[in-house]
Amino acid sequence: MIHTGSGRNMFSFIFKPLFIAILLVGVFGLVYLRSSVMTLEYSLGELEKTKMNYLRERKMLFAEKTSLLSIEKVGASLSGSHGFVFPDRVRVIHLNKQKGSLPYKASLEKRQLTGY
Amino acid sequence: MNKKRAIILNTTIIFSFFLVSLRLTDLMIFNHTRLSERAKLQHVKVEDIQVRRGIIFDRRGRELALNLELESLYCDPENLNLDNDSMRRLASVMAKEPRVILSKIPAAGRFAWVERKLEPDTAEKVKRLNIKGLEFLTEAKRFYPKGELASHILGFVGVDNQALEGVELKYDRYIKTTGGKVFFERDASGKTLSSGVDIEAKGNNIVLTIDEGLQSIVEREIDKAIIKWRAAAASAIMMDPFTGEILALANRPAYDPNKGGSAGGSEKRNRAITDCYEPGSTFKIIIGVASLEEKIAKPDTLFDVSKGSIQVGGKTIRDVHKYGVLTFKEVIQKSSNVGSITIGMRLGKDRIYKYAKLLGVGKKTGIDLPGEVSGWIHPPERWSGTSLGAIPIGQEVAVTPLQMLRAYSAIANGGFLVRPHVVSEIISPNGQVLASLKDKEMKRIISARTAETFKDILKSVVEEGGTGKRASVDGNEVAGKTGTAQIIDPRTKRYSKEKFVSSFVGFVPADNPRLAIIVVIYEPKGQIYGGVVAAPVFRDIADQSLSYLDIPREDNPHHAPLLVSR
């Protein structure tokens, strides 16, 4: 009986190098992935720093806006017919909701209980 | 020969491996701790978590105090490379004298502040100079966007954001927060890894009862009064008489809390709660309420004040005019001193003292602001022979403007003593309401009937024939009382003949009160009477505030209820 050993040769010839190649690709792939993730994380860190700078700038702009929109400043910057005009209280009517599904009733007498 | 070479090669390789192993053992075992610490220092960066104080809002959510992030300049004296030319340029950019900058830089050491919290433009210019040894650090700076507005309520903080005055101080433990450290990994070029945590810790936010619009009206009007009457100082408070919520509180002189550190003591004084004055005729509320409660008098009870003067303990007290016979209502309406003293004598010391205490005289109101004083009224056993002629007309007692406003609010709300307060809510940074500071219960101090009767009397003060006519507002009835009091001259220890305090305190609309307001003008020139000096200020504040709040006029022609459907 002659034993050719062709199956074992096939394994040695194809699978062994393939296995080693996969192993190497796997190891290098892992190293590459880890390095990419690290790069990404550093980029993220940089972006966060940029975000903080923008947030700081936003705070400055917001403070400036709040300051400019103060009633005193707006009132002082406008004059004549463009200034603040208080409502004509003769025309002020308060609407109070009645119980049930009745229409709204306008009352000039009752104290407005809700906030200002 | 080949065998010999192989042995040499093998020996060299083995020896090399042995050396490497030896070094590795040294690095990884014997010097591990020291080296790992060193490595950590190189690739781990530690930063402080930035601490931010909570934001302060007005009742409508408008920001009154917030935070900026500014850069502070520091130097490393040992590495500082500051030649004459660099110093000249730095001084020019920072708009300071070179010697001022030099005085902040020590000869040795590794850290010294050069300037804290620079303006962004200045910081940018300094950075462009690129001076070795100068570095920047970001710091939070408290910013009050409305400037002087409500400065006595807000208070201010110091350079290290430590609370110094006002709500900032009173609620410091809620507004401030603690920081900590955050660790970043960094690479050789200094790039840092994302820490994954928030590097900012925020304190709780505070919602005030103040309304920026009303505050602005009050401040504008007392500014005008100060100029018109060339007064030394002024205070005004506006309060909801039912809840004790302070809607506006202003004093003059005032200060800009953004520059709080440089403000003088007089500017920083919150006179509305820290300064006592003799209230004069506004104190007649005590006599009035006491006599109604004790049934000593009714509105139509007659008092003969025709002599125009009265003697008490050898001292003569006069009325401004001779009136004849007045009803109890007219005694208050015309602010008759003789009538008030007569009523006071019928009441007696004990009852006057009892009602003064009931209405909050000589006791702190409990307002949530620092520095409140209690004022004083002596107990009856310490009254002198003249006290019964002085206390009923508001002398020999000391009150704060807030105490008087609180007493008048008790008339406005039907007989309850409220607790004035400036903070309505404390809110966490993520918007959750942590505390609502509204009072659930109020203490009744006088009967509803007495409050109603005295309210009618106070209305007559602002009508024709009353001393407070100039406080009347178009379209709505006002109830209130004028006050004029002499100031004790600190030099002579006697009442000054030139220095007075003029005041008006009242509420509007009289029958359905929304606003209780007090105006106190210190040392006006030209005129002295509360009805002339303070009453018009009350009117102007009330008129604009009613419009601002859209409160309807009572003389509205559309009296019939209007039905509308959707």
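In this predicted model, B:Tyr74, B:Phe111 and B:Trp113 are joined by ring pairs into a cluster. A pair of aromatic rings is described by how far apart the centres lie and by the angle of the planes. Over all chains the structure holds seven aromatic pairs, and one of them, formed by B:Tyr74 and B:Trp113, is edge-to-face, with 6.3 Å from centre to centre and 85° between the planes. This pair links distant parts of the chain, since B:Tyr74 belongs to strand 4 (residues 63-75) of chain B and B:Trp113 to strand 5 (residues 112-118) of chain B, 39 residues apart. With a relative accessibility of 17%, B:Tyr74 falls under the 20% limit and therefore counts as buried, whereas B:Trp113, at 27%, counts as partly exposed.

Another ring pair in chain B is made by B:Phe156 and B:Tyr255, whose centres are 5.6 Å apart and whose planes meet at 75°, so that this pair too is edge-to-face. Because B:Phe156 lies in the loop between helix 6 (151-154) and helix 7 (166-170) of chain B, while B:Tyr255 lies in the loop between strand 11 (246-252) and helix 10 (265-268) of chain B, the pair ties together parts that are 99 residues apart in sequence. Both B:Phe156 and B:Tyr255 are buried.

Rings can also be examined together with charged side chains. The ring of B:Trp113 has the charged end of B:Arg116 sitting over it, 4.6 Å from the ring centre. Likewise, B:Lys127 is found over the face of B:Phe136, at 5.3 Å from the centre of that ring.

Let us now turn to a strand and its neighbours. Strand 24 (residues 515-522) of chain B is mostly covered, with eight of its eight residues buried. In a regular strand, the side chains alternate between the two faces of the sheet. From strand 24 of chain B, B:Leu515, B:Ile517, B:Val519 and B:Ile521 point one way, B:Ala516, B:Ile518, B:Val520 and B:Tyr522 point the other way, and all of them are buried.

Which strands pair with strand 24 of chain B? Strand 10 (residues 233-239) of chain B pairs with strand 24 in the antiparallel sense over seven bridges, and here B:Met239 stands opposite B:Ala516. Strand 23 (residues 495-508) of chain B also pairs with strand 24 in the antiparallel sense, over eight bridges, and B:Gly506 has B:Ile517 as its bridge partner. Strands 23 and 24 of chain B form a hairpin, with six residues between them.

Methods
Residues are numbered from 1 along each chain as its sequence is written. Chains are lettered from A and ligands numbered from 1 in the order in which they are written. This is a predicted model: local features need pLDDT of at least 70, side-chain atom pairs count only at pLDDT 80 or more; totals for chains, interfaces and linings use all residues. Side-chain values use heavy atoms; hydrogens and water are left out. Rings of Phe, Tyr and Trp (its six-membered ring) pair if their centres lie within 6.5 Å; planes under 30 degrees apart count as stacked, over 60 as edge-to-face and the rest as tilted. Helices (H or I, at least four residues) and strands (E, at least two) are DSSP runs, numbered from the N terminus. Buried means under 20% relative accessible area, exposed over 50%, partly exposed in between (1.4 Å probe, protein chains only). A charge sits over a ring if NZ of Lys or CZ of Arg is within 6 Å of the ring centre and within 35 degrees of the ring normal. Two strands pair if DSSP finds at least two bridges between them.
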